Amino acid sequence: MKENDIKFVEDSFKKYYFVHFDQIRVPNRASEREFGYQKFNSGMIRHISIKSDNELHLLFMQNIPSDVYCSNAYYSFPNMPMNEKEWKEADLIFDIDAKDLNLSCRVNHTVSICSQCNKISKNSTQCLKCNSTKLEKKSLPCKNCIDASKTEILKLSEILIDDLAVLPENIHVYFSGNEGFHVYVYNSQFQQIGSRERSELADYIMFRGMIPETFGMKKFKLDRSTFPDFNEKGWRGRFSKYVFGSKSKRSKIISELIANGYSSFQKILDDASENIGVKIDPNVTMDIHRIFRLPGSINSKSGLTKLFCQNLSKFDPYVEASFLNDDSIEVIANCPIQFNLKNKKFGPYNNEKVAVPTFVAVYMICKKLATLA
Amino acid sequence: MLALGQDEIAKYPFLADAGQYLKDKGFTLEQFGTDSDLKQLIDKAFDRILVAADGKIYKSDLDGDHVQTDAALPREVFSFLLAIVLLKLSGMHTLIKRFALAEARRAEKYLEKDLANISDESKKQLAIKIIDDLFSVQIEKQNDYFVIPVSNYLKHSINFHEREWKLINRHVENGQVYLTPHETVRLIRKELGTYISTKIINAKTPSMIPGFEDSVNKLILLSKKFSTYTVTTGEYPPCIKHAIEILEKGENLPHSGRFMLATFLLSKGQTVQQIAPLFKNAPDYNERVTLYQLNHLAGTSGSGTQYSCPSCEKLKTQTLCFAIPECNNIINPLQFGKKRS
């Protein structure tokens, strides 16, 4: 990012932080957590300990960070190097990102920026100008992306509550500030489990690693009564609904499944992951030392705020998470895609000088699709 | 400590305090080496090790839940304690491992039988208590099943590599996993083996006892049979090949894939300077950052921790695994192509 763009974005962030300190709170048990931050065009500074809201606000004012992070883990000594921190436990966390949902809308609102010549195009495989294959993808998510993410969150919540006995009030959903959501689970039986256990939990939630026997299919001595039924709890019940569709078809479909054999059943199971499994990023869930964007802070990939979703079904991030001011500013915008912010349409812009509100200018600059005029 | 009845000590002899048991029965180790009647027990102990070394479970004199004769019970316990003395005197670690595993399997059989016992509630309660005391696994009976909290289940199940133990292949409901008595006991097999082998390893080694020499020498000879050597084909596993291909094509390899590739090659003895050029084609290549990260993984900078190559299971979760038949029976890419002979 160019110097004057950085200065402009930093100023906008600073104004937001100054006005909205009420939104930026340290989480529970802050003194046991690790914090970290980044500034534009610079590396990550982490292993910081912050104990109070005041200390946190000071960090924002002194450094004007581009991004601020906080661990889901609790440590005895959060500001020590990793192997001396003494890990105690970690909240269970899930990342649901629109880019991982294989949505058909993605191609319509994703652009490629060539790492060699900076040419921006909607072509996804190679640069139209210099043929380079080193492309950076930027997406401006649409309503469909957000709705699909919400569906995944609902699927996830159902499994957490029904199968894993998590209390609904202990599940908190946050918009990540860019293309997805972070789901936090507090006070569950999983606080103290390690990385390998969390990876198993991730496979469970994603519906991966099944063997046919679990769902009634065997290699020999097949028995119709071992196949799952609609009213069963857990994955056997969910798989029933998926594979049989309706109760009346169950018997006929079981006969087909048996006729098609064991390996064909395995294939049906593997394909089912894509449909009924929850599309979380397993790497996030199994990482017990990660630091996550701090709720209330701005995501420098978009200029939007990471925000707690009080009412998920009605939540519209591109209205509710945009807090920057609407002072007009001139930019050179090269944004071939139209997007919505605060209920207004912007773009497409073809390498042109336009005056737009600050929140729009920052959004495009953060996406590398505009610079100050 | 658990209060154990007579036949329980015979079933779970590793729970007994060996020294105390001998004292209570009025014996010393020396007597076993000299008294001709007691000397048979050394042969019995030797047999017990032999069977274990062969990968089988020692068939005891215990019939079902009841000891056939009064004398059978102490014989059973003595042969276990003497086997440990013989193993300690031989100092052969492979034999200790095999013996501990076989004894764990033997105890498993009894635990399972006790758990499934519907006529004798106290036997079931003892089995539940042993499992809780020794391995902090809280199980509860629910109809025909034993239920255990998911988090507790995971701590043990991650040690298994068979897919049937994956949580997805379990009946999970309301935060609990449902297990049969057999599965419940199977779940703690590794811990049971570790418990027994730790107990043996931590036991004091006595000085040679007259009358024990023959058996000890035979054990030393026996353990030679188990030494192995490995050969390596030198070929890379498919996950590593795949990662290299991606990079060669100039496509993006995710962070987890780069981590796998770098840690794998470092473990194979390549240097940071040899590995760094592999990443040159990555869309976001930055030489300074690459060297920094590689040095970090190698442990030459930062915390000094040397990172190891992730397990196959972890790579599966990260969709970095492209297993081929030659991958059967390995649990880490580093084991690929190694053959024991």
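Two strands count as paired if DSSP finds at least two bridges between them. Helices (H or I, at least four residues) and strands (E, at least two) are DSSP runs, numbered from the N terminus.

I worked on a predicted model, where local features need pLDDT of at least 70, side-chain atom pairs count only at pLDDT 80 or more, and totals for chains, interfaces and linings use all residues. Residues are numbered from 1 along each chain as its sequence is written, and chains are lettered from A and ligands numbered from 1 in the order in which they are written.

**Entry 1, strands of chain B.** I began with E5(B) and E6(B), which run antiparallel and are joined by three bridges. Val172(B) has Val177(B) as its bridge partner in E6(B). The two strands make a hairpin with two residues between them. I checked the turn: Asn174(B) has a positive phi of about 50 degrees. Strand E4 (residues 145-149) of chain B also runs antiparallel to E6 (residues 176-179) of chain B, with four bridges. There I found Pro149(B) bridged to Gln176(B).

H10 (residues 189-202) of chain B has 14 residues and spans 20 Å from first C-alpha to last. That is close to the 20 Å expected at 1.5 Å a residue, the expected span being 1.5 Å times one less than the number of residues. I then asked which residues of H10(B) are buried. They are Leu192(B), Gly193(B), Ile196(B) and Ser197(B). Buried means 20 or more other C-beta atoms within 10 Å of a residue's own, exposed 12 or fewer, partly exposed in between, with C-beta atoms placed from the backbone. Seen down the axis, the buried residues of H10(B) fall within an arc of 125 degrees, so they line one face of the helix. The arc is that of the directions from the helix axis to the C-beta atoms. Thr198(B) and Asn202(B), on the other side of H10(B), are exposed. Helix H6 (93-115) of chain B is among what covers the buried residues.

I traced an open, antiparallel sheet of four strands, in the order E6-E11-E10-E15 (chain A). E6 (92-97) and E15 (307-308) of chain A are the edges; each has a single partner strand, so one side of each is left without a neighbour in the sheet. E6(A) pairs with E11 (residues 180-185) of chain A over six bridges. Ile93(A) has Tyr184(A) as its bridge partner.

Conventions
Contact = placed C-beta atoms within 7 Å.
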